[in-house]
Amino acid sequence: MEERQYFRKLIGLKIAEIRSERGLDQRKLSEESGLSIGAIKGLENGNFAVDSDILFKIKKVLRFDLVFEMY
(Lines give C-alpha, C1' and ligand atoms only; values in the text may rest on other atoms or scores of the structure.)
Protein backbone atom coordinates (compact mmCIF):
# COMPACT_ATOMS: atom_id res chain seq x y z
CA MET A 1 0.00 0.00 0.00
CA GLU A 2 1.41 3.37 -0.92
CA GLU A 3 2.11 5.86 1.86
CA ARG A 4 -0.65 8.29 0.84
CA GLN A 5 -3.27 5.52 0.81
CA TYR A 6 -2.00 4.27 4.18
CA PHE A 7 -2.31 7.76 5.66
CA ARG A 8 -5.89 8.13 4.33
CA LYS A 9 -6.73 4.74 5.86
CA LEU A 10 -5.37 5.83 9.26
CA ILE A 11 -7.39 9.05 9.18
CA GLY A 12 -10.52 7.14 8.20
CA LEU A 13 -10.08 4.59 10.96
CA LYS A 14 -9.56 7.33 13.53
CA ILE A 15 -12.68 9.20 12.40
CA ALA A 16 -14.71 5.98 12.51
CA GLU A 17 -13.39 5.29 16.02
CA ILE A 18 -14.29 8.77 17.28
CA ARG A 19 -17.70 8.60 15.58
CA SER A 20 -18.41 5.29 17.27
CA GLU A 21 -17.26 6.62 20.66
CA ARG A 22 -19.70 9.51 20.23
CA GLY A 23 -22.54 7.08 19.58
CA LEU A 24 -23.21 8.12 15.99
CA ASP A 25 -23.71 5.91 12.98
CA GLN A 26 -22.53 6.92 9.51
CA ARG A 27 -26.01 8.09 8.51
CA LYS A 28 -26.24 10.47 11.47
CA LEU A 29 -22.74 11.86 10.83
CA SER A 30 -23.74 12.36 7.21
CA GLU A 31 -26.90 14.26 8.15
CA GLU A 32 -25.22 16.45 10.75
CA SER A 33 -22.12 17.24 8.69
CA GLY A 34 -23.86 17.84 5.37
CA LEU A 35 -21.64 15.25 3.68
CA SER A 36 -23.11 12.42 1.67
CA ILE A 37 -23.27 8.96 3.18
CA GLY A 38 -21.02 7.82 0.33
CA ALA A 39 -18.42 10.42 1.30
CA ILE A 40 -18.52 9.29 4.94
CA LYS A 41 -18.13 5.64 3.94
CA GLY A 42 -15.36 6.42 1.48
CA LEU A 43 -13.57 8.57 4.02
CA GLU A 44 -13.74 5.95 6.77
CA ASN A 45 -12.55 3.23 4.36
CA GLY A 46 -9.60 5.34 3.21
CA ASN A 47 -10.92 5.54 -0.34
CA PHE A 48 -11.84 9.22 -0.23
CA ALA A 49 -9.27 12.00 -0.09
CA VAL A 50 -9.68 14.20 2.96
CA ASP A 51 -9.32 17.95 2.68
CA SER A 52 -9.48 20.59 5.38
CA ASP A 53 -13.09 21.55 4.58
CA ILE A 54 -14.27 17.97 5.06
CA LEU A 55 -12.28 17.57 8.27
CA PHE A 56 -13.72 20.82 9.60
CA LYS A 57 -17.30 19.66 8.94
CA ILE A 58 -16.63 16.36 10.70
CA LYS A 59 -14.80 18.11 13.56
CA LYS A 60 -17.83 20.32 14.20
CA VAL A 61 -20.10 17.30 14.57
CA LEU A 62 -17.77 14.97 16.46
CA ARG A 63 -16.18 17.75 18.54
CA PHE A 64 -12.61 16.51 18.49
CA ASP A 65 -9.24 18.26 18.35
CA LEU A 66 -7.76 17.58 14.93
CA VAL A 67 -4.17 17.90 16.08
CA PHE A 68 -4.19 15.85 19.25
CA GLU A 69 -6.77 13.16 18.50
CA MET A 70 -5.16 12.13 15.21
CA TYR A 71 -2.00 10.90 16.95
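A patch here is built from residues with over 30% relative accessible area and no salt bridge, with like charges joined within 9 Å and nonpolar side chains (Val, Leu, Ile, Met, Phe, Trp, Tyr) joined within 5 Å. A salt bridge is a side-chain nitrogen of Lys or Arg within 4 Å of a carboxyl oxygen of Asp or Glu, and accessible areas come from the Shrake-Rupley method with a 1.4 Å probe.

The model is predicted, so local features need pLDDT of at least 70 and side-chain atom pairs pLDDT 80 or more, while totals for chains, interfaces and linings use all residues. Residues are numbered from 1 along each chain, and side-chain values use heavy atoms, without hydrogens or water.

Now the patch. Met1, Tyr6, Leu10 and Leu13 make a nonpolar surface patch of about 460 Å². Leucine 10 sits in helix H1, residues 3-21; helices are DSSP runs of H or I with at least four residues, numbered from the N terminus.

Next, helix H4, residues 52-62. Its buried residues (under 20% relative accessible area) are Ile54, Leu55, Ile58, Val61 and Leu62. Why are they on the same side of H4? Because they cover an arc of only 125° around the axis, taken from the directions from the helix axis to the C-beta atoms. The face turned away from that buried side carries Ser52, Asp53 and Lys60, which are exposed, meaning over 50%. After H4 comes arginine 63, with a positive phi near 55°.

Last, serine 33, in helix H2, residues 26-33. Buried or exposed? Serine 33 counts as buried, at 10% relative accessibility. Beyond its neighbours within four places in sequence, serine 33 is in contact (heavy atoms within 4.5 Å) with Ile40, Lys57 and Val61.

Technical notes:
Helices (H or I, at least four residues) and strands (E, at least two) are DSSP runs, numbered from the N terminus. Buried means under 20% relative accessible area, exposed over 50%, partly exposed in between (1.4 Å probe, protein chains only).
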